[in-house]
Each structure stands twice: as structure tokens, then as C-alpha cells.
Amino acid sequence: MESPRHLFPHRTRYLNTATYGIPPTAAHEAALAAERDRAAGRIRPAEMDEHVHRSRAAFARLLGVPVARVAIGSQVSPLVGLVAAGLRPGADVVVAEGDFTSLLFPLLAARERGITVRPAPLAALPDAIRPGTDLVAVSAVQSADGALAPLDAILDAAAAHGARVLVDATQAAGWLPLPADRIDLLVCAGYKWLLGPRGTAFLTGTEEALAQLPPLAAGWYAGEDIWDSLYGTPLRLAADARRFDVSPVWNSWAGQAPALELLDDLGIPAIHRHDLALANRFRTGLGLAPGDSAIVSLDVPPGTAERLAAQDVVAAVRAGRLRCSFHISTTEEDVDLALEVLTG
């Protein structure tokens, strides 16, 4: 795949999608247009609903799941909270040590109901699943260093012991092929590799797993007929995954829809090859072996991130290490300039 860099408005050398994604120009303009309409008093809610419908459909296509099994939210942690609320008292939950806290904290907070949360090293997670384990919760790609979870082994071990698997795909969806058809529950924020503004998130899963989640955040947007669900009783939630929807952040969904549609048009296999090629070009330039992640984490001297920033190269520091991430808004020239700074 040729780099679609021309579709993006930024001029920095951007190696920081793991923090937030750069929007394609079309998505950026759509979000701004929604804000201009709001300022002018010309927001039309039905048009805002269409942005949500487009985003939901594009996310479903991207992951290969039925659109009826996709719910929308604003952040990941409240969606994980629904999963935590659906656990039985005394449930046994296995998590990866050092995982992102938007996944861990809602489960750890459920300890007040007698739920046990057992951390295990990422690579050893399949072996930590045992008879009586209820849930395994893991990020498909670790935020701190880009390590990929052994998802197939986790899914096999969970199936053997009757446990469900909750995957946070925030650092994976948009570049990494995922076995979504095998995952019981999946949550994902849209503002990183899905290139949306902050304020969009998704929940999907199997019919059986979704059926056990309580719609604790149900509001008018979770109704079967949204605009006939504004007032009064009785409870009349959507029959599909929309029963978990929360009222959308309008401007964010205006920007999310075109970004998701671009990713869908490019296709995850092509994006995966592109992103890994850039990450491995970076690794090779540093004398490192090729890897399997679009995120590269490095031990570097203090001040390295600042030296990069002085050359307009944007990266991040996480867990005391330099974290560089490579997506479709990044080019080979961006990688090479970063290498010049790091090796010069």
C-alpha cells in the first residue's frame, strides 16, 4: 500500500498514534463543520445520528462482526464497567500485569463485591486460566510497550475452562487483524488507531456474552426507537446491542465516521503490512530485530524525546521508555528523520 499521507493535514513527523491518532483531512473537516453548525444554531440531530450509524457500520465491517452486535459509547472504562457489573459475586478474573488501567480499574473496583482479580505476566496469561475462571481481560496490544497478547492461546485456554474473554482493542483495532469472531467481548476507544476525536468508543461481542451485560447506562439513545424514547415509562430498550448505547458526543462522531470509512476502504491487511513495514524499518535502523508490533518501545537517554521534538518528530515516553508508533499518517521519510536524530 502506498502511503496515504496526502490525505492528512499535519506537517509534523508523527510517531505517536498510540497516544492519539491524526485525523484524515475529511474527518477533521467533518468535525469542524459540526462545531460550526452548533455555533450557528444549525445542528440537525438526525444528521448527527447518521454519523453514528455510519461509524457503527464501518466498525462492524472493519472487525467482521454483525452491526447489530455493536454498541457505541464515549470511553472504554464505562464499557468495561458493564462487564464488571455482569460478573457473579465471587467471580475469578485474570488480567495481564501492567495492562492499561481503563481496563483494570473497573474490574479492580468490583472487588468490593467479592470478585477476585489475579494479575499474571502477559505471556503466561493462558496458563493462569483455570477451572472456575470466569473472565480473562487483556489488551490485544499493550499500551506501554506494544507487546501483542497471545490471543489465540488465551482464547483456546478460556474455551477449555469455560471462561469468557474481554479484549481491549484500543491499541490494536485499525491496524492489527483480530479474531473478533472468537472474542466474547471487545471494547475499543476510537481516538487512537481508528483516527477519531476523543469521545467515541465501541463495544461488541457474541450474542451470549452481550445478553449477560446489564444496560446500566441506558438512556434515551438506548431506546428501540430513539426519538420515541425521550420521555416516560415503560422501559423500551433496543433489542440489539444498541441497548448499551449512550448519548453520542455529536462532533466526535462526525469526525469518526469518515476516518473509519477510510480505514475500511484501505483494509486492515494492507494497513497491517504498511504499519509493520515502517516499524521494522525503524527497528532495523536501530540495529534491532524485526518485530510484530506497530509500536516500538526503547530505552533511551534522558532528553531524547525533547531532541526529537526539536526536529518536529512527535513521540511519547511511557513507563520510562521512548514509545514510537507507526500508522498510515506516517511515511518512510518520517522514520528516517527520527533515526537520524536517534543515531546521529
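Which residue in β8 is the bridge partner of Gly73? In the predicted model described here, that partner is Ala201, and the pair belongs to the contact between β2 and strand β8 (residues 201-205), two strands that run antiparallel and are joined by four bridges. Both strands are members of an open sheet of seven strands, in which the order is β2-β8-β7-β6-β5-β3-β4 and the pairing is mixed. The edge positions are taken by β2 (70-73) and β4 (116-120), each of which has a single partner strand, so that one side of each is left without a neighbour in the sheet. When direction is ignored, neighbouring strands of this sheet are turned against each other by 20° on average. Helix α4 (residues 101-109) packs on the sheet, where it touches β3 (92-96), β4, β5 (133-139) and β6 (164-168), and the direction of α4 makes about 155° with that of β5.

Leaving aside residues up to four places away in sequence, Gly90 touches Arg113, Gly114 and Ile115. The C-alpha atom of Gly90 is separated by 9.9 Å from that of Glu112, although the two residues are 22 residues apart along the chain.

A second open sheet is formed by three strands in the order β9-β12-β11, with antiparallel pairing. Here the edge strands are β9 (295-298) and β11 (316-318), each of them pairing on one side only, and the twist from one strand to the next averages 35°. Three bridges connect β11 with strand β12 (residues 321-325) in the antiparallel sense; in β12, Arg321 is the bridge partner of Arg318. Helix α9 (residues 268-285) lies across β9 and β12 and runs at about 25° to β9.

Note on methods: Residues numbered from 1 in each chain as written. Predicted model: local features only at pLDDT ≥ 70, side-chain atom pairs only at ≥ 80, totals over all residues. Heavy atoms only, no water. Pairing = 2+ DSSP bridges. Axes fitted to C-alpha atoms, helices over the stretch in contact; angles between N-to-C directions. Contact = heavy atoms within 4.5 Å.
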